Amino acid sequence: MNIKVGPPVSEDNFYPRPELIARLLGALEHAHVAFLGPRRTGKTSCLRKIVATPPTGYVPILLNLEQYDSVEAWLLAMLEHVHAELKKPGPKAPWLVEKGISFLGRIEELTIMGHGIKLAATKEKTAPWRPLADKLVRLLKDTNAPILFLLDEFPVFLNLVSKKHTREEVEALLNWFRSARQDLVDHAPRFLVTGSIGLKGVVRRLGLSPTINDFDTLEIPPLSEAEALKFLEVLAKDNGVSLPVSGRRHILKLLGGAWPILLQLFISEIKEAHFKKAPVKADLDRIYRECLVAGARNEYCTGMFTRLKEAFSESECRLAQAILKQLCRTEHGLSREEFEAVHAALVPVPEQRALHGDELDYVLDTLKHDGYVHQDFDGEQRTRFASHILRDFWTRKTS
Ligand SMILES: Nc1ncnc2c1ncn2[C@@H]1O[C@H](COP(=O)(O)OP(=O)(O)O)[C@@H](O)[C@H]1O
Ligand SMILES: [Mg+2]
């Protein structure tokens, strides 16, 4: 296993996450899935793993939606990938043997139709992509093709579409996509979308939250302690880094949250420090402070920092920043009343606060789902930073 910090990993560099993959595939049996989590937490790597070892009978199609700048381009890409996938040599699934020629023929027809789409100069009632989109659903339904569309970074695509088109047009797209999912939910085809920039925030800003309600949402978790210890052991060993179990445990204690990228970064910094002997606690403390918290390569924390701007509207973002700034300076977290006080300090006029009634709840909820903060179950149910590294990163950024 090679050290990889940043881009998605695959094959031997992917540390297996069988439970997570099984949960994703289990959810897909009954629903379409939104697989959410901040950037650099390992979502694309999991999708690649699904593509490499798909569930029996399924044909996975992985598309990075950041590459498409129009609905037409997205629909066409889905069609062209299905076509290419099914024409690949090799033993065919029984489904394709039965439906093969007619299915491929219809895909080809649709692709040609898609390439012919011209943006209408006049305002038409239906979007120019709509006939193609409807035919695609019809085809998937008729053939019951077990295709698993893995659509990476769906909210980035939505943001882009919403910059180029009116809100009504984005609404038409989201409504079409939802009804397509609903039409297909009792059939074999499945959609999985991922989102790093807050899918819920993006549709909320558009006032279109109900259009994604049907997704079964799964948030990517960090590694469990046992997984993280094993991952550190394997990664260190494979890369010639000497790190006894006490060191591995100390790393997890320092980070307080075992995201694979942070473990990768830690091992990579130890390797680059060229220690003569295995690093002792003081060495690890220094690497944590200087390279992880303050280092430029920590894409996870910088991503979390900039993500607030993407996930929230302006006023929500201000509130989130004020909350986190206060939170990283408290030892025991904050209570509900203290959060309300932060909100009141930021927006002193009660009527103005009431205008965005659920803003505080929404911001706290999003920060929780993002793995930013964690609320105690018992006692005063105080909320604190979910990991030490984020807290220390945030303290440094805001001091
Ligand atoms: N299962 C894994 N095994 C090893 N490294 C991983 C794994 N998942 C994530 N990573 C680390 O996280 C980084 C980002 O992964 P990626 O899949 O691109 O995340 P995302 O798609 O959520 O942005 C990788 O470069 C790697 O360092
Ligand atoms: Mg990704």
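Visitor: Into which domains is the chain divided?
Guide: This is a predicted model, in which local features need pLDDT of at least 70, side-chain atom pairs count only at pLDDT 80 or more, and totals for chains, interfaces and linings use all residues. Residues are numbered from 1 along each chain as its sequence is written, and chains are lettered from A and ligands numbered from 1 in the order in which they are written. The bounds come from an automatic or database domain assignment. The division is domain 1 (18-219), domain 2 (225-297) and domain 3 (308-387).

Visitor: How many Å apart are the C-alpha centres of domain 2 and domain 3?
Guide: Domain 2 covers 225-297 and domain 3 covers 308-387. The distance between their C-alpha centres is 31 Å.

Visitor: Which helices each supply at least two residues of the shell around ligand 1?
Guide: A residue is near the ligand if its C-beta atom, placed from the backbone, lies within 6 Å of it. Of the 21 residues around ligand 1, Tyr15, Gly42, Thr44, Ser45 and Pro260 come nearest. Domain 1 and domain 2 each give at least three residues to this shell. Helices are DSSP runs of H or I with at least four residues, and strands are runs of E with at least two, numbered from the N terminus; the two helices are helix 2 (43-52) and helix 11 (260-273).

Visitor: How many charged residues does the shell around ligand 1 have?
Guide: Ala, Val, Leu, Ile, Met, Phe, Trp, Tyr, Cys and Pro count as nonpolar, Asp, Glu, Lys and Arg as charged, and the others, Gly among them, as polar. The shell has eight nonpolar and eight polar residues, and its charged residues number five.

Visitor: How many of the residues of strand 4 are buried?
Guide: A residue is buried if 20 or more other C-beta atoms lie within 10 Å of its own, exposed if 12 or fewer, and partly exposed in between, with C-beta atoms placed from the backbone. Arg190, Leu192 and Thr194 are buried on one side of strand 4, and Phe191, Val193 and Gly195 on the other. For strand 4 (residues 190-195), the buried count is six of six.

Visitor: What is the bridge partner of Ala34 in strand 4?
Guide: Strands pair if DSSP finds at least two bridges between them. Strand 3 (residues 147-152) runs parallel to strand 4 with four bridges, and Leu148 is partnered there by Arg190. Strand 1 (residues 33-36) is also parallel to strand 4, again joined by four bridges. The partner of Ala34 is Val193.

Visitor: Where does Arg40 lie?
Guide: Arg40 has a positive phi of about 65° although it is not a glycine. Most residues other than glycine have a negative phi. Arg40 is buried because 25 other C-beta atoms lie within 10 Å. Its place is the loop between strand 1 and helix 2.

Visitor: Is His274 buried or exposed?
Guide: His274 also has a positive phi, of about 50°. This residue is in the loop between helix 11 and helix 12 (281-293). Because His274 has 6 C-beta neighbours inside 10 Å, it counts as exposed.

Visitor: What separation do the C-alpha atoms of Asp238 and Glu359 have?
Guide: Asp238 lies in helix 9 (residues 225-238). With 14 other C-beta atoms within 10 Å, Asp238 is partly exposed. Asp238 and Glu359 are 121 residues apart along the chain, and their C-alpha atoms are separated by 47 Å.
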